[in-house]
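Please look over the structure shown below before reading on.

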Amino acid sequence: MVGYQALEDAFARNMPAATRAQVARVLDALLVLVAWALREGNQPLVMLRVQLWARELRRMVARLSTDPAEVRLRSERDLPGERDGVYLPLVQCSQCRTTGWLSRLVPGSNKLSTKLDEIYNTWFSRRPEATRLYAAQSVTKAHVEGVSQLACVACGNIQQGGESCLACAHQELLPVFRVTAQRTSVTGNAQYTRHDDTCPSCGERGQLLLLGARNATLGSQVVEASWASIFNDDKKLIAFSDSVQDAAHRAGFFGARTWLNNVRTAWAHVLDELGVSRMSWAAFLKQAEQRFDAPGSVLNLPPATLVAEFIAPNMTWQRHWSVELQQKGHLPADSRLPQRVKKRVLWQLFADLTYLSQRGRTLERVGKLTLSVPWTRLEPVAVGLLPALHEHFGLRGLDIRVLTQWLWGMLTHMRRRGGVMHAEFGTYAADGDVWHLAKGGGRAEWMPAMGDYSPHPVLLTLGTRRGFDKLGAGHRKNWYDRWADATLGQQVLLPTGATPELYRAAFDALLAAGILLKTPHHQGDTLAINPDTLQVDTDVIFMTTRGSKRRLVVPRQDAEQLLGMPCLDAVESLYEQLIPDAADWWRSRFSRGDLRRVIAAEHTGLLARPEREALEERFKSKRPEPWYENLLSATPTLEMGVDIGDLSSVLLCSVPPSQASFLQRMGRAGRRDGNAMTTTLADGNSPHDLYFFAETEEMMAGEVAPPGVFLQAAEVLRRQLFAFCMDDWVSSLGSDSALPDKTSSALDAVEQARLDRFPHVFSEHVLTHEQRLFDSFVDMLGADMDETVRQRLLDFMQGQGEADGLRTRLTKALEELVEERRTYKKRKDELDAARGRLQQQPQDEATQEEISKLQRERGKMLELIAEINGRDLLNTLTDAGLIPNYAFPEAGIQLKSVLWRKRASDDVPGQGTT
């Protein structure tokens with residue numbers, strides 16, 4: 001086995017003039033050619049199996065150090081027992097990327113805690129003793145209350161001054177800014193004090209994230225990259241998890257997390273199709289919508305394909321997707337779902353350039369395009385505004401360029417907050433009702449989920465409207481205050497308390513120029529940018545602060561005018577340099593990437609057999625429809641024995657427990673032509689996973705031990721004994737109908753006390769032949785059974801001891817199902833009575849909606865009854881832990897819920913159950 005590094009070293013010896021990067025590119029190109037090379041019969045020249053191992057970034061810490069080069073992310077598990085310093089988690093602002101250390105500091109103490117569980121609990125509960133430390137040089141001017149102190153890098157002691165640590169005498173002290181701010185809130189009669197999570201550099205609240213990445217996130221990145229690659233012509237994958245819960249969660253996570261990448265790829269292709277470097281926002285939106293009907297466009301798809309590629313995760317509850325398309329294979333001719341999907345994709349374009357523009361890999365952040373009010377549109381406004389500022393505020397030293405930068409930055413901030421007027425806003429622009437924006441007017445069927453504390457458009461209010469941005473108020477300066485100080489304050493001294501009036505003067509000028517739109521409201525007028533004045537630019541350039549710490553994408557033609565402007569995210573810094581080539585790798589990836597939706601589904605033992613087999617058939621289909629599942633999130637049940645067709649990619653979401661399991665799962669890939677891509681993710685909290693991450697060859701080349709069973713396990717043998725008794729009873733039957741196929745017959749026999757039917761006749765058989773059955777079973781095991789296990793089995797057979805016996809277990813399991821079925825029947829009768837009473841009342845809209853809810857719940861009760869009755873009896877006995885299965889029963893709690901999906905506006909009454 002030869003590793004990549006060894007191959008690279010061998011190539012380097014024969015390429016003495018090449019750099020290491022050039023050697024790697026040559027080697028990559030050779031491996032790609034080898035993978036694609038074919039011999040006679042279209043068979044691969046060689047079989048290339050690529051294995052990628054990645055480790056979960058969990059419990060990540062970084063050392064307190066005065067040397068920035070030593071501040072590197074490391075897993076706590078990799079640290080030696082005797083620490084060579086203080087290691088703490090890192091927390092980063094998602095807006096300005098300022099990063100600091102996180103710890104816990106108890107009042108009255110000067111010692112930083114290094115216990116991660118203690119730090120995490122304090123942080124996530126927002127307790128006041130949570131503390132953040134930032135290297136003093138990274139916080140020029142703090143926008144949150146704190147103190148400048150010295151931190152000992154050896155012991156974590158915090159002190160005000162000195163040449164050495166007062167606790168350990170160490171000489172290396174790190175100057176830090178420690179956040180001390182707290183926020184107080186009152187709920188009822190209780191007052192709560194919490195840590196203030198405001199970023200000290202940019203002043204934003206609620207934007208701090210712990211640095212790290214869990215396996216689900218890493219796995220979604222693997223899937224996303226694989227699906228976008230033009231070299232992957234077999235976009236199918238099985239993701240293995242070791243539990244049903246993990247498999248179900250990852251199916252939903254992978255599908256949802258990768259959806260936005262598909263949408264962004266589509267819009268990148270549309271931009272390339274249009275081939276223009278600059279156009280108005282209104283014209284761009286019009287042409288973007290027309291691409292759905294333009295032949296040859298990436299968006300010009302048949303209705304069912306359009307839905308399959310772009311339906312958002314929070315829209316999949318709709319019947320025309322979950323039932324009509326996925327189960328029946330077609331959309332109704334009059335379906336409104338394609339139109340809803342179009343609306344959602346267009347809204348996502350708006351969101352990606354406004355209130356979500358700084359979250360993730362948006363088209364703006366990767367340098368594909370930007371949206372702004374052109375400098376040439378703003379400069380005349382600044383020219384007209386300048387005399388008023390001279391006369392009314394005494395700002396005599398202010399020039400046109402700085403004033404225009406102030407206006408441009410303010411409008412860009414408003415745009416990034418979502419303050420751009422949109423046709424769907426309606427009353428939202430006045431009242432700020434987020435719920436109505438997301439749910440009202442039929443938007444619940446296509447709009448993304450939004451709430452007061454989740455991403456949503458934020459406009460600017462001139463009054464007191466809650467939820468909107470406001471001009472400076474109170475003792476704390478907000479972004480608008482800081483922006484005025486940083487821009488206008490460069491040249492002139494701003495009068496105390498005049499900032500709100502300065503902005504009002506600017507707003508009046510922008511309103512007069514048609515750049516802003518005003519919406520009246522009794523709590524104060526609100527302002528939004530007029531979308532007709534915005535311009536889309538694809539010829540862009542990056543402006544950066546010193547050291548390229550923070551970047552801003554701007555139109556190339558406006559860049560020289562904007563150079564030297566304060567940074568929008570950290571106003572103490574300036575944009576000091578231009579990066580002429582804005583070709584980010586992600587920009588190219590979005591433009592060249594394949595458009596293919598990840599449609600994920602769980603494949604576990606909880607699925608009913610018909611549903612599971614139908615899923616397998618769709619997955620392995622040689623001619624798959626666009627809505628067929630192409631990613632299975634599976635448990636080890638797919639390791640062997642199930643035909644899932646040709647497959648080239650496998651993802652292991654954790655390191656399997658044995659070499660045999662590893663090879664079985666790996667062997668699922670490469671069935672088509674021998675070439676395979678397999679990814680293994682190591683759980684950062686599992687010693688087993690971390691060991692094999694370090695010793696990967698031991699897992700790949702280790703001994704495969706044959707499977708076995710521990711014959712001293714009483715619970716295993718109890719199941720086998722029950723099955724042995726069943727076999728003996730069935731062989732003695734004179735009629736095949738004595739053992740029913742379905743559970744309903746057994747439940748009816750229990751409920752009606754029919755002693756001539758199963759389970760009573762089986763129990764009688766066991767009681768009559770008890771000693772013979774037990775002795776025969778024990779004789780089969782021979783010396784493998786000791787006396788303790790033998791006695792436990794005898795107690796089980798005879799119904800003695802503390803645990804339930806064989807016959808009692810069977811009776812209890814069936815009686816519980818009888819009671820469950822009876823409960824559903826009773827609830828169904830109650831619903832019938834309630835519906836009858838409502839039908840006697842005047843039939844207004846509220847009453848009809850209530851009747852509809854009762855009908856849906858009644859339908860679900862009937863469905864649950866039918867599901868219990870229709871279960872195979874042997875499956876029921878398996879689920880009850882009576883006959884052998886792969887799983888073993890554990891004490892726990894079962895959660896049983898009645899769920900039904902929402903009813904869309906085009907559903908007929910009575911539909912909506914799932």
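This is a predicted model: local features need pLDDT of at least 70, side-chain atom pairs count only at pLDDT 80 or more; totals for chains, interfaces and linings use all residues.

## Cavities

Helices here are DSSP runs of H or I with at least four residues, numbered from the N terminus. Rolling a probe the size of a water molecule over the atoms shows where empty space is left. A search of the whole structure finds two cavities of 30 Å³ or more.

The largest cavity has a volume of about 70 Å³, and the residues that line it include Glu-224, Trp-227, Trp-259, Asn-262, Asp-594 and Arg-597. Helices α4 (215-228) and α5 (244-274) each supply at least two residues of this lining, and the largest share, four residues, comes from α5. Sorted by class, the lining of the largest cavity holds four nonpolar, three polar and four charged residues.

Leu-371, Val-373, Leu-378, Leu-411, Arg-415 and Ile-529 are among the residues that line it. Strand β18 (370-372) and helix α11 (400-417) each give at least two residues to the lining of the second largest cavity, with α11 giving the most, four residues. This lining has seven nonpolar, two polar and one charged residues.

## Nonpolar cores

Which residues have the most contacts inside the largest nonpolar core? This core has 113 residues, and those with the most contacts inside it are Trp-267, Trp-406, Leu-407 and Leu-411. Setting aside neighbours within four places in sequence, Leu-407 is in contact with Leu-378, Val-381, Ala-382, Leu-385, Ala-506 and Leu-510.

## A buried strand residue

When residues up to four places away in sequence are not counted, Leu-102 touches Leu-88, Pro-89, Ile-119, Trp-123, Thr-131, Arg-132 and Leu-210. Its C-alpha atom is separated by 15 Å from that of Pro-175, a residue 73 places apart from Leu-102 along the chain.

## One side of a helix

In helix α19 (residues 659-666), the residues Gln-659, Ser-661, Phe-662, Arg-665 and Met-666 are buried. These residues lie on the same side of α19, because they cover an arc of only 160° around the axis. Among the elements that cover the buried residues of α19 are the strands β3 (49-55), β16 (237-240), β29 (649-652) and β30 (676-682), together with the helices α20 (687-694) and α21 (696-701).

Most residues other than glycine have a negative phi, and most peptide bonds are trans. Against that background, Arg-59, in the loop between β3 and β4 (60-63), has a positive phi of about 55° although it is not a glycine. Ala-169, in the loop between β11 (158-159) and β12 (173-179), has a positive phi of about 70°, and it is not a glycine either. Ala-169 has a relative accessible area of 48%, so it counts as partly exposed.

A cis peptide bond, with omega of about 20°, joins Phe-758 and Pro-759. Pro-759 is found in the loop between α23 (743-751) and α24 (760-768).

Methods
Residues are numbered from 1 along each chain as its sequence is written. Side-chain values use heavy atoms; hydrogens and water are left out. Buried means under 20% relative accessible area, exposed over 50%, partly exposed in between (1.4 Å probe, protein chains only). The arc is that of the directions from the helix axis to the C-beta atoms. Contact means heavy atoms within 4.5 Å. A nonpolar core is a set of buried Ala, Val, Leu, Ile, Met, Phe, Trp, Tyr and Cys residues joined through side-chain atoms within 4.5 Å. On a 1 Å grid over the protein atoms alone, a cavity is a set of points where a 1.4 Å probe fits but cannot get out, and a pocket is an open set with protein on both sides within 12 Å along at least five of seven lines; lining residues have an atom within 4 Å of a point. Grid points are joined across faces, edges and corners, and a volume is the space filled by probe spheres set on the points. Ala, Val, Leu, Ile, Met, Phe, Trp, Tyr, Cys and Pro count as nonpolar, Asp, Glu, Lys and Arg as charged, and the others, Gly among them, as polar.
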